[in-house]
Amino acid sequence: MTAPSPATRSRRKRKRTAAFVLLGALLVVVLAAVAAIIYLGSLSQSFDTNTKKLPNAFPQESSRPAEPHPGPDGKRPVNILLVGSDSRGATSATAESGAPSNQRSDTMMLVHIPEDRQQVYVISIMRDLWVPIPDHGSAKINAALAFGGVPLMVQTVEALLGQRLDHVAFVDFEGFKGLTDAVGGVTVDVQKAFTASQTSDIHFNAGPQTMNGEQALAFVRERYAFADGDYQRVRDQQAFMKALVSKIATPQTLANPVTLANAVNGFSPYLTVDSGLTASAVASLGLELVNVRPKDIATFTLPTGGTGWSTDGQSIVILNQAATTGLADAMAQGTVPKYVVANNLANGK
């Protein structure tokens, strides 16, 4: 992994690195956008114009966890829900309004940024996790979007972990093609060899492999090639995210305004975000993470109880209530590092 610029370099490079680290945690959703905001001003407008907005992303205030009290420095923890899908239809007008639709989320990650801004945690939530969905009984967590649109999806995740979500961002997987090609390809350490028969016949050998956009898209989508299905796909998505962060954090990418412009213009049309997640808001949060480095971004999957079957015959992922409650408590108390150690959670597990 290429190390980011050290803190002793210019203030300009410190800002750039901080912004890129934050958005790396956001699946590099707005990585290049933040640098553009700070250094290539006109691209911030492009980001805000090209991204689709969710004006009704959150449920009624009475149903939400209370906003946490700020710490001594005036900062609060920040939680951002990332949702990956194969179509922006998942955030159609119907889903936005909170009405039932035929859309389901494909991939879910919770980005938790503690109050002290010293680390970033990216927590994958299995899409088939069987959880209580407010006013709908128990179902797979990705069904919340179908039952009640984006607000119910947010309410479900907030109820599951007892944490208030500050932002929501939907990422269409198609956007990874353009972003990967814009930075000249990404080298990913493939954990298991497989052929992506779900979306193509592209074969991936175990070990480091440089991927173009088409290959990257097939890599993050595939699940049927694995005995453990979504579990391995989640690990592959985490591996791709870290590889992409490493590539974009290189001096060759950071110092190239053409590459950054291509990344912003090529990727932002595939993003749908809540109305508060503007380019300036992302940049502001990024600058609070000036001391964070890629090694400080921890990725893990919310522990589960394995797989099983629902009473109506659906194949599901079983909720590990003790581990989930433990994570909720750790996030609330600022003790996530201890939780990670106690549950033997290393990056990618």
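Helices here are DSSP runs of at least four residues, numbered from the N terminus, and Phe176 lies in one of them, helix α6. That residue is a handy way into the structure, which is a predicted model. At 5% relative accessibility, Phe176 counts as buried, because the cut-off for that label is under 20%.

Now for the rest of helix α6, which runs over residues 175–182. Besides Phe176, its buried residues include Gly175, Leu179, Thr180 and Ala182. Looking down the axis of α6, these buried residues fall within an arc of 160°, so they line one face of the helix. After α6 comes Gly184, which has a positive phi, near 85°.

Stepping back to the whole molecule, the protein chain has 13 helices and 15 strands. Of its 349 residues, 57% count as buried. The accessible surface comes to about 13,900 Å², and carbon and sulfur atoms account for 50% of that. Among contacts in the chain with a separation of 6 or more, 69% are between residues 24 or more positions apart.

In soluble globular proteins, nonpolar side chains tend to be buried together. In this model, the largest nonpolar core has 43 residues, and Leu129 and Met153 have the most contacts inside it. Helix α5 (residues 144–161) gives this core its largest share, nine residues. There is also a second, separate core, made up of 31 residues, with Val186, Phe219, Phe240 and Ile248 among them.

Aromatic rings make up another part of the picture, with five aromatic pairs in the structure. One of the pairs is Phe194 with Phe226, an edge-to-face arrangement at 4.7 Å centre to centre with 70° between the planes. This pair ties together distant parts of the chain, 32 residues apart: Phe194 belongs to strand β9 (residues 194–195), while Phe226 is in the loop between α7 (213–221) and α8 (230–248).

Leaving aside residues up to four places away in sequence, Gln232 touches Phe226, Gln191 and Lys192. With a relative accessibility of 1%, Gln232 counts as buried.

Mean pLDDT for the protein chain is 79, and 79% of the residues reach 70 or more. Over residues 1–40, though, pLDDT stays under 50. For that stretch the model has 104 contacts beyond four places in sequence.

How values were computed. Residues numbered from 1 in each chain as written. Predicted model: local features only at pLDDT ≥ 70, side-chain atom pairs only at ≥ 80, totals over all residues. Heavy atoms only, no water. Helix = DSSP H or I, 4+ residues; strand = E, 2+ residues; numbered from the N terminus. Buried < 20%, exposed > 50% of the residue type's maximum accessible area, 1.4 Å probe, protein only. Contact = heavy atoms within 4.5 Å. Areas by Shrake-Rupley, 256 points an atom, 1.4 Å probe, with all protein chains shown as cover. Core = buried A, V, L, I, M, F, W, Y, C linked by side-chain atoms within 4.5 Å. Phe/Tyr/Trp six-rings, centres within 6.5 Å; stacked < 30°, edge-to-face > 60°. Arc of directions from axis to C-beta. pLDDT = per-residue confidence, 0-100.
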